[in-house]
Every structure is written in C-alpha cells, then in structure tokens.
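Student: I have a structure open on my screen and would like to talk it through. Could you help me read it, one question at a time?

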Amino acid sequence: MSGSQKHTILAIESSCDETAVAIIRGDGITSEILCSEISSQIDIHREYGGVVPELASRNHSLTLRPLVEIALKNAGVTMADIDCFSATAGPGLASSLLVGHTAAKAMSVATGKPFVSVNHMEGHLLSPFIETNEGIEPNISLVVSGGHTMIIHTEEFGEYELLGKTLDDAAGEAFDKVAKMLELPYPGGPEIEKMAETGDPKAFRFPRSLLKRSPLDFSFSGLKTAVLYTLSELNKEEGKAPAERVPDICASFQEAVIDVLVRKTLLAAEQVNAKLITLSGGVSCNQALRNAFQKACDEGGYYFLVCSGVLSTDNAVMIAYVALQKHLRADYQDLTCDVNPNMPLNTIKLR
Ligand code: KG4
Ligand code: ZN
C-alpha cells in the first residue's frame with residue numbers, strides 16, 4: 001500500500017464508560033480527524049462512585065448504533081467510503097469491549113472491508129503523534145490512565161519496550177481513590193485538580209516512592225495510605241478532613257504524584273538517550289502535570305509532546321490512528337479474534 005495514499009478508518013472505543021466512534025483519513029504520517037463522537041456515561045455511574053460493568057455494556061449497546069450514524073453524517077462519508085473497520089479489543093471490561101468489537105466486525109462483514117483489532121494502551125501511547133503530522137518518532141513515553149502507569153521506549157510503530165510500570169495502583173486510580181476518601185465526586189482526577197488550584201502543595205509532605213531496586217517502576221499505595229492517616233489525624237472522630245483542609249491535601253497529594261511521574265520519566269529518557277518525551281492517558285489532562293513536564297523537559301533539553309485534552313481521555317481517534325498504521329501494514333484480524341479484558345502489553349512487541 002502506498003504511503004501517500006489516503007485511507008479512511010472507522011474506529012469504535014467501548015472499553016470502559018465512554019462509547020466513542022471516530023473516522024479519520026490519513027496516510028500514516030498526516031491524519032485528518034473527520035469526526036470524533038463520544039457519548040459519556042459518567043453521569044450514569046457517578047451515583048455508584050465508579051463504573052458498574054453491567055450498566056456500561058447495556059448503555060454501549062443502546063448508544064453505539066445511533067453514534068455510528070452520527071459519526072458518518074458528521075464526517076460527510078458513507079459506509080462505502082470506509083476502507084477499514086476497527087475496535088478496541090482490550091484491556092477493559094469484557095462485556096463493554098464485546099459490544100464495540102462485535103459491531104466493528106459486523107460492519108466489516110457487511111461491507112467486505114478488513115477488520116483491525118486494537119490495544120487500548122497502544123492507542124493512548126501513540127495519541128501524542130496524531131496531530132503532529134510528522135509521524136511516529138523515537139521517544140520515551142509516560143502513559144498514565146485509570147488502569148495503567150507505564151514508561152515505554154518506542155523506536156517506531158510496533159517496536160516498544162516496557163521500562164517501568166506500577167506495582168500496585170495506577171496513577172489515575174490513586175487520584176480516584178483519594179478523591180473518594182475526600183468524598184469528591186467520580187471521576188476523582190479532575191476534582192482533585194480543581195481543589196488543588198486553591199491549595200498549598202507544601203502543606204503536607206506526602207511520601208515519594210522511588211523504589212531504589214527498580215527505579216523506573218511506580219508504587220502509589222504508600223502515598224494513598226499516608227493521605228488516609230492524615231485524614232484520620234485531622235479529624236479523629238469521623239476520620240475525614242475538615243472542608244477547609246481539602247484543597248491543601250489535594251495540592252500536596254497531586255504534587256507528590258507529579259514529582260514521582262516526572263522524575264522517573266526523565267530518568268528513563270536519560271538512560272536510553274532519548275530526545276523526545278511524550279505524555280498520554282487520562283491523567284495527562286492534568287494541567288499541573290503538563291506544566292511540570294514542560295518545565296523539566298525544557299531544563300533537561302528534551303522535546304516534549306502531549307496531545308490536546310480531548311485526545312488524552314478515552315476516545316476513538318486514538319484507536320483509529322493505531323488501526324490506520326496496522327491497515328497500512330495489512331495487519332488485519334479475522335472474525336475469530338476475541339476481546340481480551342487483560343490484554344497484556346506484550347501483544348505489543350516487547351524486546
Ligand atoms: O485514559 P482514561 O480516560 O481511561 C482509562 O483508560 O483508564 O483515564 C481515566 C483516568 C481516571 O482515573 C481519571 O480520574 C484520570 O484519568 N483523570 C485525571 C484528570 N482527568 C482524568 N487525573 C488527574 N487530573 C485530571 N485532570
Ligand atoms: Zn484509556
């Protein structure tokens with residue numbers, strides 16, 4: 001397949017609580033986002049304080065069909081214009097993944113066009129390159145989402161080396177759990193960021209787990225426990241923080257997370273002599289994290305790349321972008337290909 005020929009890809013993302021459909025057109029270097037539709041279920045799950053899998057899959061099946069129609073209309077294309085259909089195969093909630101994966105397969109069968117199955121984390125990993133129009137360049141990447149915290153060395157598309165990962169909670173999970181302790185709404189990340197804006201990050205000295213034996217791995221459980229102890233110290237009777245201390249706790253917690261994320265990513269970049277550092281995943285929406293990375297990269301002489309906020313949290317454009325790369329390499333999956341809720345990173349080539 002020629003590199004300069006444009007191909008149109010439709011992708012579905014339904015791994016968790018967002019039903020998303022996107023259509024992009026590109027040649028692997030330059031990509032045009034024709035549409036990106038996201039139907040969020042956050043309001044449905046908020047009252048339960050987290051995602052309820054049964055509700056998530058039911059809502060994906062209700063939402064998906066109309067969302068595909070809206071996507072085609074907004075992109076100004078028809079089914080016949082799509083060159084390849086794709087969907088997230090994992091990691092994620094099995095029943096949610098199945099809805100999108102099966103729908104994309106069905107569209108592939110109905111149109112006779114190929115089907116590509118995509119690893120959600122590869123979508124996040126490569127998302128900073130979608131809007132650069134320069135293709136994928138060698139980099140050190142920090143991927144921080146609700147389920148994963150990973151430092152990955154990328155040489156080129158499909159050539160990835162996992163250098164570090166979390167040994168317990170993911171960074172986003174730590175944000176969500178601490179928010180729950182503080183009785184802030186779900187999802188906790190954006191709520192903590194909002195609260196932190198008026199707080200003092202030096203008010204509490206929370207621990208930074210640097211893990212000397214495996215310095216590129218992460219652990220956030222000690223930090224989470226430290227916040228819990230602080231809360232019970234501040235209010236011995238009810239074990240929760242007085243409202244006026246919540247901004248200081250949020251700011252101090254956020255700074256502890258950011259400090260560790262930045263330090264370890266820069267250490268990895270130094271180890272592999274990388275020139276470019278990228279940041280992706282839902283937590284990369286956090287402006288304080290972005291600012292800290294930009295500052296550290298400027299000081300350390302690295303280029304820094306992070307995508308716009310709408311491409312940081314779950315979306316289907318990132319799935320379409322990976323699918324386009326696979327389509328250009330004719331790396332198709334057949335209809336026996338199944339979803340994998342625990343899809344490991346080694347479905348991405350590891351050294
Ligand atoms: O990538 P994502 O949308 O979904 C997963 O693949 O997990 O990430 C969701 C995570 C949640 O834990 C959410 O609290 C966190 O990203 N998040 C944030 C912010 N926005 C979303 N964490 C910190 N600050 C934010 N502004
Ligand atoms: Zn995600």
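Tutor: Happy to! Keep in mind that this is a predicted model. Let's start at one proline: Pro 187 sits in the loop between α5 and α6.

Student: Where is Glu 183 found, and what is its phi?

Tutor: Most residues other than glycine have a negative phi. Glu 183 is found in the loop between α5 and α6, where Pro 187 also lies. Its phi has a positive value, near 60°.

Student: Now the ligand. Why does ligand 1 lie between domain 1 and domain 2?

Tutor: Check who supplies the shell. Domain 1 (7-131 + 312-345) gives residues to it, and domain 2 (139-306) does too, so ligand 1 lies between them. The reason, then, is a shell with residues from both domains.

Student: Which elements give two or more residues to the shell around ligand 1?

Tutor: The space that ligand 1 takes is the largest pocket. The elements giving two or more residues to its shell are α4 (120-126), α5 (171-181) and α6 (188-196).

Student: How many residues surround ligand 1?

Tutor: By class, the shell has five nonpolar, 11 polar and three charged residues. The closest include His 124, Asp 176 and Glu 193. In total, the residues around ligand 1 number 19.

Student: How much of the accessible area of ligand 1 does the protein cover?

Tutor: Begin with backbone contacts to ligand oxygen atoms: Gly 172 at 3.2 Å, Val 283 at 3.5 Å and Asp 314 at 3.1 Å. On its own, ligand 1 has 560 Å² of accessible area, and the protein covers 87%.

How values were computed
Residues numbered from 1 in each chain as written. Chains lettered and ligands numbered in written order. Predicted model: local features only at pLDDT ≥ 70, side-chain atom pairs only at ≥ 80, totals over all residues. Heavy atoms only, no water. Near = heavy atom within 4 Å. Polar contact = N/O pair within 3.5 Å; in protein donor to acceptor, adjacent residues only side chain to side chain. Areas by Shrake-Rupley, 256 points an atom, 1.4 Å probe, with all protein chains shown as cover. 1 Å grid on protein atoms, 1.4 Å probe; cavity = no way out; pocket = protein on both sides within 12 Å on 5 of 7 lines; lining within 4 Å. Sits in = over half its atoms within 2 Å of the grid points. Helix = DSSP H or I, 4+ residues; strand = E, 2+ residues; numbered from the N terminus. Nonpolar A, V, L, I, M, F, W, Y, C, P; charged D, E, K, R; others polar. Domains from an automatic or database assignment.
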